[in-house]
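Please look over the sequence and the model before reading on.

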Amino acid sequence: MIPDDCALAVADGVVAVVDEFGDVRGDHGESGVYASDVQFLRELAVRPTDRDAPTTGWDRIARRADPDGVTTVLASGAAGDGRGDARPLLLEKRLVPDANGVTLTTTVENYAAERRTVDVEVTARSAFRHVFECSGFFAAREPVDRTLDVRERSGGAVLSAECPDGTTRRATIDVTDASSIATTVDDDARTTITATVSIPPGETAAITASATFAPAREPSDGRVPSAVSTQPSSPLFDAAAETLTALVLPEGVPAAGAPRFLAPFGRDALLVGFQTLPFAPQLTRRVLEYFAGQQGTTTDDATLEEPGKIPHEKRHGDRPAVGRSIRSPYYGTVDATPLYAALVAAYGEWAGADAVTDECYAAAVDAAEWVRDASGTDGLLWYAPHDHEYGLTHLGWKDSSRAIAHPDGTPAVPPIALAEVQGYAYRALTGASTLAANRGDEELHDRFAEQARRVRNAFDEGFWLPDERCYALALDDDGVVESVASNQGHALWAGIVPDDRADAVIDRLLEPDLLTDAGIRTFAASHDAFDPLSYHRGSVWPHDTSLATMGAARYERDDAVAALVGRGLDALEASAATDPERWGFPELMVGFDAPALETGRIHHPDSCEPAAWSAGSAFGFARAALGLDVRDGEPVARPALPDRFEAVHATVRCRTATYALRGTNESIVVTPTTDRSGSRARGD
């Protein structure tokens, strides 16, 4: 979560945290402009001074933040002491990031009856710190040594750093209409550039300060279509598509979130791929192709790399390059690998077996082989904490250090087998067996199918809690971790739950100790260890609820789907589409149980915003509400719409054709708008 008085702009893997006056300043630990995990600018500030009223200052009167940038409108102080005295100048600052860096355009409009002269001071500075060294995001680590430099150039300056990985990083500052330049250097590289503008009555003048970063980055080509609309109309799905588009990195995959997780994360990107698959299959394809290229090929205890594993995250910058961080890439996850194989299979269902490239097929087989080889003799997939200075304690999606606990708060004793991970493993193995059959490899098909049966049987036998009528959160070295949590909803989504137990599990997730008006809590409030302000033991995560909702749709529990979709979309809309000064979708919400506080919708102080899988949740909820599936190569749907919608319209891609879906709770119509070759259907 960024500070309340700040706003965010993101594009092409560049993120800027902007203060209340439209500048990037060092007042907050989070402030800055970041790219490739480097804080290229700690400050980029424009300070105008009206020569005729140098002491009046500026008052903010408006701000709007959206994926395209942050606009801040300021008015000069009143020229006089009386009520209603004139404010002669209006100031607009527009900060826009792109793949090359960031541009801050300042426009001054003169409302006075005489010409006004304004002196503009532009300040830029940087220490080229790695994001892990910036307070406010993490427990800041000691900076590595970098040699900083600043030099004057025509119309601006160049800030640079010689970094310990042997690279040079630069921010080239250019200011239009600069009348003079002065540079200073302290512990950071800093430059101050001054300009003067003269503005006739009723006219405007603009000063543009741009920062161009090196090494250069390519712009992303990852627009995500909205694809869903509703009656009554809602801006939610447009906002979700815009957020995902803004988070797409030059690598072609969505970053996990901004500002601190603006990097490829395997688990996050793969789950976004599932959420958006029918609506944006090109995004899913890019995710699969990227992580196929990152798949482990060797064994490394420092990074937990193993052949076939998909990484947890990949960080850039000089710290990983010189061994001061293990995330380069880091394979500390037990679930990204089965999710990869499962997503390749799901992509094959929607796009067609022929659309699965040889590279992705091979990567899916290797991922499924890792699942099989890494499983214990009981057929379950276990993990132990990573014994490393920067290693993770838990390797599932709830990866905070206190996430996995018994109902009384006693920590689970490793090794640990998580409920949802067994579901992922089951889905990976069944999916890989189908992929193998499509390629004519019956031996591989049979091997994966048999392992899938082992996992399902071991899960049902080892995790079932008769008294709770639900599965356990996990198994640990001492036995069963009998906590009821949201993880069990992921198991439903994965299809590992037998049909005769599904209703009981769904009913348990809908009990008041788990269900809030924003979605499903991560940990049951009836347990002593419940904490609504925790990261993973009582908070509400939109992506978490969306997966449980898709799980309920899998088992055709329309009542649960409608209830969860309504809550999930209401909460997303309340948090992501109603405040013009903020945009994006919060990673998590507080799990309070008090109607006066809007249960579950209060932003969490540690929440990343925007988060890709929260934006993807809007589409995950739409998938569930429409009951989307593929049969005989064509999309089918069975709607379970919440009360908030009279109708839903959607555009989906299946095989090479595009289909329009128009549905109410009474019926749904699926109409091809292109033929199977991609040409428009006759009459369209």
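## A charged pair in a helix

Arg285 and Glu289 lie 4 residues apart in helix α3 (residues 281-294), so about one helical turn separates them; helices here are DSSP runs (H or I, at least four residues) and strands are likewise DSSP runs (E, at least two), numbered from the N terminus. The two residues form a salt bridge whose closest N and O atoms are 3.9 Å apart, the term meaning a side-chain nitrogen of Lys or Arg within 4 Å of a carboxyl oxygen of Asp or Glu. Arg285 is partly exposed at 34% relative accessible area, and Glu289 is partly exposed at 33%, where buried means under 20%, exposed over 50% and partly exposed in between (1.4 Å probe, protein chains only).

## Basis of the model

This is a predicted model, in which local features need pLDDT of at least 70 and side-chain atom pairs count only at pLDDT 80 or more, while totals for chains, interfaces and linings use all residues. Residues are numbered from 1 along each chain as its sequence is written, and side-chain values use heavy atoms, with hydrogens and water left out.

## Other salt bridges

Across the whole structure, a search finds 32 salt bridges. Among them, Glu114 pairs with Arg116 at 2.9 Å between the closest N and O atoms; Glu114 is partly exposed at 39%, whereas Arg116 is buried at 7%.

## An open sheet

An open antiparallel sheet is formed by 4 strands in the order β18-β28-β29-β30, with strands counted as paired if DSSP finds at least two bridges between them.
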